[in-house]
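Hi there,

Here is the structure I promised to pass on. Have a look at it, and then read on for what turned up.

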Amino acid sequence: MAGPRSTYDQVTATAPLLRALVSTGIYPLMSSLPVQPDLSRLLAAERSVVSRALHRLHEEGYLSVQHSRRSVVRPVPPAPVNGPPTVEDLVGRLRSAAPSGTDLDRAGFRKSCRRAKVWWNRRSVPDAELLREVRQSLVASAADLLPLAARRHPDAHAVLGYTVTAALHDWPVEREIEVWRLACVATAVLDVLDLAGDAA
């Protein structure tokens, strides 16, 4: 289990991802974020880490956080925020980032997801090349699955937006934090795969 230093580092890594979800309009002004257990699953983080990251955004003026309630994006955040992106924009961003020539086999997607989650659960840090390969596989799988999921579930905008943000937003340079982010992307890709269902 991670010690205090790792927890601090994870809070420091988690807050910018949450901030990006607000500033890019994935969670628009006055909207509610998922409940903490759901955020904890999405962010591959303990609830205490998520709670501290949410409170950091509260202190910065992005969120209104009240005990036992969902966090809400404030109507006047401290920095400009975009309106919600369209599904077409989300798909376009992923496709432009997806490497060409990546095998789009569903079993391969699942293997990459499992690998990323096991690395994070064990707090193991593979070499940079292996991290890059798994990251490319996850981005390519998200780009392939997102349009299918959007057609079947047009109301799942937050899930789709989270997937794109987790996959593309400012990747950390520290390999330990990159392993955490890969676990976040793997969780999102599996959610999108479930939404795509038989179409995938």
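What share of the 200 residues in the protein chain is buried? Buried residues come to 46%, where buried means under 20% relative accessible area (1.4 Å probe, protein chains only).

Before the rest, a word on the source. This is a predicted model, in which local features need pLDDT of at least 70, side-chain atom pairs count only at pLDDT 80 or more, and totals for chains, interfaces and linings use all residues. Residues are numbered from 1 along each chain as its sequence is written, and side-chain values use heavy atoms, with hydrogens and water left out.

The protein chain holds eight helices and two strands; these are DSSP runs, H or I of at least four residues for helices and E of at least two for strands, numbered from the N terminus. Along the sequence they come in the order α-α-α-β-β-α-α-α-α-α.

As for overall shape, the radius of gyration is 16 Å, which agrees with the value near 16 Å for a compact globule of 200 residues. That radius is taken over C-alpha atoms, and the globule rule is 2.2 Å times the number of residues to the power 0.38. The C-alpha atoms fill a box of roughly 45 × 40 × 25 Å along the principal axes.

Do take a look at helix H8, residues 175-196. Of its 22 residues, 18 are buried, so H8 is mostly covered. Just after H8 comes Gly197, with a positive phi of about 55°.

Enjoy exploring!

Notes: Buried means under 20% relative accessible area, exposed over 50%, partly exposed in between (1.4 Å probe, protein chains only). The expected span of a helix is 1.5 Å times one less than its number of residues.
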